[in-house]
Amino acid sequence: MTQIKYMLLISRQGKVRLQKWYVSLPNNEKTKIIRNLTSIVLSRKAKMCNIVEFGDHKVVYKRYASLYFVCGITQEVDNELLTLEVIHRFVETMDTYFGNVCELDIIFNFEKAYNILDDMLMCDGSLAESSKKEILNHVKTMDTMEHNDHLDRVLS
Amino acid sequence: MVPYSQAAEDVKQRLRPFGIFFEKSLKDLIRGIRSHNDSPENLDKFLQQVLSECRDEVNSLDLNMKTNAILKMTYLEMYGFDMSWANFHILEVMSSSKIQQKRVGYLAASQSFYKDSDILMLATNLMRKDLKYAGGNDTVKVGIALSGLSTIITPSLAANICDDLFTMLTSTKPYIRKKAVTALFKVFLEYPEALRDNFDKLTAILEDDDTSVLSAVVSVICELSKKNPEPFISLSPLLYQLLITIDNNWIIIRLLKLFTNLSKFEEKLRPKLLPKILELMDSTSATSVLYESMNCIIKGNMLEYDDYDTALQCLERLSTFCESQDPNLRYISCGLFYKIGKINTDFISRYDKLVIRLVSDIDVSIRSKAIELLKGVVDDDNIKDVVTSLVEQLVDGNETSENMELETPFIDKLNVSPIYFPEEYKIKIVNTIIDICSMDNYNNISNFEWYNAVLVDLAVLCQDIADETLGIRIGLQFRDIMVRIPDLRSATISTVISVISNEDVSSQLPSVLKYCYWIVGEYSNYIDNGNDLITLLMEKEHPDQETKHILVTAFMKIFSNWSNSGHVEITTVKETLDRLMTYLEPLSFSNDFELQERSVEALEFLRLCSEALEDQQDELPVLLTEVLPSFYNRYELKPIAMGTQEALQQNIEIDLETPFLKDEDLKLLLEEEQYNVTSDNCSIISTDSVMSNQGKYIGYSYQDNGIDRGEAESLQESRNEGIKKMELEIDEDKKLNPYYLNDEPESGLSPKLKNNLLGEQITSPRQNKVSIDIRTFDQTKFGLEMKKTRGKKKKNKVKVLPDEIILESPGTPSMDKHSIKSPRIGRPSDSERKISLQSKSRLESFDFSQPSTPQTPSGAFENGNEDLEELRKKFAEQNFDVGINDNGNYSDEEVVVIRKSKKKKSSSKKKSKQEETPMLDKQKEEVN
C-alpha cells in the first residue's frame, strides 16, 4: 500500500506549485524538507531512477513536462512502483479534467487540483479511489453544485 | 470627496453579488506574481502588499470576500507565508452553508490547522454538525467534511463521531460508504476502542459490492494491520478468498501488503499463502504485482532458509528486472536482492556478474544498493576485479573524470555528464572494499601484496573524505595483516613505513597513524636502520595524545630491537639514546596522564641505560641487551577472537588471602633491602616498605641501621645470575601462562593449571629489580583447556593466522556465516536531514482482547477506582494482621508483602485478559 506522507509539485525553477501534507509537521520542518528536496530532485539526471533516500524516508518523484511530482513515503512501505503509479494516475486524472493539462492549469486552478487529489488519496495519504472516472464524476458534481451556488447568489 | 468614496463603496457592495469584485481575485494574484517575477525584491514587495490586502479583506463581514482572501492565502502559503493567524477566519468560512465556500474553508483548514488546540476544539463542533447526513445534496457536504477530518481529528472528536461514521457505513451511497471507511481509519488511530467494539461492522464492509468501497476498506485494514496485526488474523480466510477471486490489481497489491503484515505475525499462514502467491506470480503481467508478490514472500517471512525453489523463482524474475531499462526497477530489485541474500547468502552467490554490472550503473543510488550486495557474491576469483572497479570509482569520483562512460552499459554515451558522487557513497565504497576483503579471515585474498597496495591506495584516496573512521579502519587492516600473515611481515612493514612517510596521508588522514606506529614498534625486528626510523618519527607532527601514547612505546621497542641487532656501533646507540631522551623530556611534563606516565617510565629507564653506557665503553650494557628486550619480546602476539580474553577472565580466581611472604621471608627481605638502600644511597624503597608495613615492623627496620656496605660489588654478579634465572622463568611461564597460546599444536592442550602463586615464591629479593614478578599474578588457577583451531585448508599460498579461540568458552561469539553483516561503521547521521515521518498512535500498543465496556473512556477509570477500593480493604485487613503479631521489626517486611500482592493482582488480571483470546486462535486454526 502506498502511504504517501506528503506530495509536492515543484516546477523546474524550484517553485512549489502544490503541497499536500498527510502528516502534521511544524512549518519550519516543511520548508526545510522542501528546500532540501528541491535541490536534490532537480539535480538528478533524467536517466537516474526515481527513488531517492532522504533522511529517514524515501522520496519518489517523477517529472512531467516542467513539473516534478515529489512524494515522500515511509521507509517500510516499499512498493515505490505503486507510488509512481499513483502519481501517474493523478496526472492522468488532471489531464482529463483540464484537457491536456499543463503547469499553468495547475497554477491558476490550484484548488481544483487539490480537490482531485483529495478525492484520490485518502486523508492519511493512501490511495482511496483508483478509478479515474469516479473521481472525475465526483469533482464535476461538486463543480456543478458550486456553480449553482454561484447562480443562487446572483439571483438572490 | 468623502461623499464620492462612500458612493463608490456602495456601488461595489451592490455589484458584489453578481460576481463582480474589485479586490484582487486569485487569478489576479497569480498573474501579479508572474509579472513581478523579474527580481526577488520586487516579488517580495508585491507579496507583502498582497498579504496586507488579504489581512484587510479577511476581516470583512462579507463572506464572499473573506473566502476569496482565504483562498489567496492558501495559495500564498506555498510561498512559505504562515497563515495560522487566520485560523478563526478559516473556521468561519468552513461553517458557511455554501458548498463553494465550505470547500475553500476545508482546504485551507487542512493546510493550516496544526496542533492548534483552541481551533481544533471549535472545529470539533462544526465537524459534528457537518457530518450529519440529511440526504439529497448533503452527500457532497458530508464528503467534504469527511475529507477534512484527517487534519482536525482528536481523540475526543473521534470518540464523538465514531457512531455517526458507523451509521454511514450502511448508507445507500457508495461514495459516503467509501469516505466513511477512510475517515474511520483516522478515528481508529486516535481511538482504538472504536475498532474493538465495532469490529464486526468493519468486517461486514469486506463483502461490499462496490469496488471502490472494497478497495478503501482493504486499504484501511492493511494500514491498521501494520500498526497492530493481531486482531486481523481472524479475517484471513475472508481475505484469502478475496485474493483468489478479485482481479483488480490495485486491490491485489493491497491484499498482498496486508498478508505481508499478517504473515509476519502468524507464520501458520505460510503454507496456504505461498503456493497462491507463486501462482499469482506466474499468471500476472503487471510488474507492480509481481514485485509486490515477491516482496510479500520475502518480507512476510515466507522464504525459508533452505527453500531454494522459491528463492530461485524470485531471483530469476529479479535478475530480469535488474537488466531492465527502467532505473526504478533496477533500484527496487537491488533492495529485494539484498533481503533475499540476508536470508541465505547462497541464494544470491551465482549472480555475481549481474551485481558487478550494477555496481557501475549510471545511477549512484543503484550503485550504492548494489554495493551492499557485493558481500554476498565475491569469491577469490572475482575479488580483484570488483575491488579494482570500486577503487576506480573512487579515483573518478575525486577527479570527476568522464571515463565513466565506458563502464555504464545502460546509457548512450553522447549525453553523459560526469556523475557526482556524494561523500556518503565514497565512504560506503571504502568500507565495502575493506569488508569484502577481510571477510571470513581474508578467505578471498590470495595475494596480500596486492591487498597492501589497495590499502595504500585507499589511504591516499581517503584524504579528501571527512570521516575519521576510515583511517581507523585502514589502520586496523594493516595491523590485522601484520599480525595474521607472518610470511609477509617484512613486505607489509615497508608498506606501512611508506604510509607514515607520506606527508599528505599523515596530515590528511591522521587516524591511521596510531596503528602504523604500533606496527613499526611491535615488528621493529624487521627493520635494520631503526635509528633512521626514530628520526623520521621524531620529525613528524603527531595528531593527538592517543597517538603519542603509542609513539612513546614504539620508540622504546624500535630502540630495543635496533640496538640489539648486532651491527650497531656503540657511539650511534649513545647518540640515539640522547636524542630520544631529549625528545621525551618535554613529554614527561605533558598534561595528559597516560602520556606523562609512559614518557616518564621510558625516560627513567633510558637514563639508567645511559649511565650504564658511560661506565662501559666497549660493549652494550646488560640493561640494553637483556633487560630492555625482555620488556617487549616475551611473547609473540597472536590474533585473538573477539570475546576470548573476556571468557578467560571470567574463570580467573584470584587468591587474595594467602600472603606473598611469610614472616621470616619478610624479615629476610627487609634485611637485604637495607643493603640495597645503602648501596644505592637512595631511601625510596626502604621508606616504601616501612610505610606499607607500618605498625608491625616499624621497630624492626630501625634496628638494622648499621649495615655492611661491602655488598655493593656483589650486586652486579647477582644481577647476572638473576637474568639467567629469569630466562628460565620465561620458559616456565610460557608453559604455564594461560594467556600464552602456544604455537605448537601438540602442546595445544595445556594441562590443568595450578595456582603457582605460592609454589614459585620469590626467592631472591634482589631479583625483584630485574624480573617483573608481578607477572606471576597472572598465573592463576583455572582449568580451561585451550585449543588452537587451524583454519580450513586454503588454496592460498599465504598462511593467514586465524583467530585464537577457546572452544569451551560459551561466551565466544559464533560467526553467522550466512548473514550478511551490515558494515560496522554506519553512515554518519546527517542530523540536518533527519526528518522523522513516523507517526505514533495509541493503536500500536492497544490491547484488543480487552472486553468492551459500555462507556469506555471513563469506564477504565471506574475500574481503577474499584481496584483501589479493594486494595484499600485488603490493606486494612493486612494491617490488622500486622497489628496482631506485631514484633516491631516485621512491620516493614509486611508492607513489602502487601506490595507484592498488589502486583500479583494486576498480573492475574492480565492473564484473565489473555484468557479471552482463544476465540481468535480457533479461527487461526480454521485458516490452516
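**Conventions and confidence**

Residues are numbered from 1 along each chain as its sequence is written, and chains are lettered from A and ligands numbered from 1 in the order in which they are written. This is a predicted model, in which local features need pLDDT of at least 70, side-chain atom pairs count only at pLDDT 80 or more, and totals for chains, interfaces and linings use all residues. The model scores are ipTM 0.81 and pTM 0.63.

**Stop 1: select chain A**

Chain A contains 5 helices and 5 strands; helices (H or I, at least four residues) and strands (E, at least two) are DSSP runs, numbered from the N terminus. Along the sequence, the elements of chain A follow the pattern β-β-α-β-β-β-α-α-α-α. Of the 156 residues of this chain, 45% count as buried, a residue being buried if 20 or more other C-beta atoms lie within 10 Å of its own, exposed if 12 or fewer, and partly exposed in between, with C-beta atoms placed from the backbone. Among contacts in chain A between residues at least 6 apart in sequence, 52% join residues at least 24 apart; two residues are in contact if their C-beta atoms, placed from the backbone, lie within 7 Å.

**Stop 2: the sheet of chain A**

Show the strands of chain A as a cartoon. They form an open sheet of 5 strands in the order 2-1-5-4-3, with antiparallel pairing; two strands pair if DSSP finds at least two bridges between them. The edges are strand 2 (16-21) and strand 3 (51-54) of chain A, each of which pairs on one side only. Neighbouring strands of this sheet are turned by 20° against each other on average, direction ignored. For such angles, axes are lines fitted to C-alpha atoms, for helices over the stretch in contact, and angles run from 0 to 180 degrees between N-to-C directions.

**Stop 3: the hairpins of chain A**

Select strand 1 (residues 4-11) and strand 2 of chain A, which pair in the antiparallel sense over 5 bridges. Leu9(A) stands opposite Leu18(A) in strand 2 of chain A, and Met7(A) stands opposite Lys20(A) in that strand. These two strands form a hairpin with 4 residues between them, and Gly14(A) in the turn has a positive phi of about 90°.

Move to strand 3 and strand 4 of chain A, which run antiparallel and are joined by 4 bridges. Here Val52(A) faces Val59(A) in strand 4 of chain A. The hairpin they form has 2 residues between the strands, with Gly55(A) in the turn at a positive phi of about 60°.

Finally, select strand 4 and strand 5 of chain A, paired in the antiparallel sense over 7 bridges. Tyr64(A) stands opposite Leu67(A) in strand 5 of chain A. Which residue in the turn of this hairpin has a positive phi? Ala65(A) does, at about 50°, in a hairpin with 2 residues between strand 4 and strand 5 of chain A.

**Stop 4: select chain B**

Chain B has 42 helices and 0 strands. Buried residues make up 33% of its 928 residues. Among contacts in chain B between residues at least 6 apart in sequence, 72% join residues at least 24 apart.

The mean for chain B is 70, and 67% of its residues reach 70 or more. Among the elements of chain B, helix 33 (residues 593-615) has the highest mean pLDDT (87) and helix 42 (residues 918-927) the lowest (35). Over residues 680-713 of chain B the pLDDT is below 50, and this stretch has 26 contacts in the model beyond near neighbours in sequence. Residues 853-868 of chain B also have pLDDT below 50, with 4 contacts in the model beyond near neighbours in sequence. Where pLDDT is low, the predicted coordinates should not be read in detail.

**Stop 5: a core and a helix pair**

Select Ile340(B) and Cys516(B), the residues with the most contacts inside the largest nonpolar core, which has 218 residues. A nonpolar core is a set of buried Ala, Val, Leu, Ile, Met, Phe, Trp, Tyr and Cys residues joined through C-beta atoms within 7 Å. Leaving aside neighbours within four places in sequence, the contacts of Ile340(B) include Ile298(B), Leu303(B), Cys314(B) and Phe347(B).

Close with helix 17 (residues 287-299) and helix 18 (residues 308-322) of chain B, whose axes come within 11 Å and cross at roughly 145°. The contact is made by Leu290(B), Met294(B) and Ile297(B) of helix 17 and Thr310(B), Cys314(B), Arg317(B) and Leu318(B) of helix 18 of chain B.

Terms used. pLDDT is the predictor's confidence in each residue, from 0 to 100.
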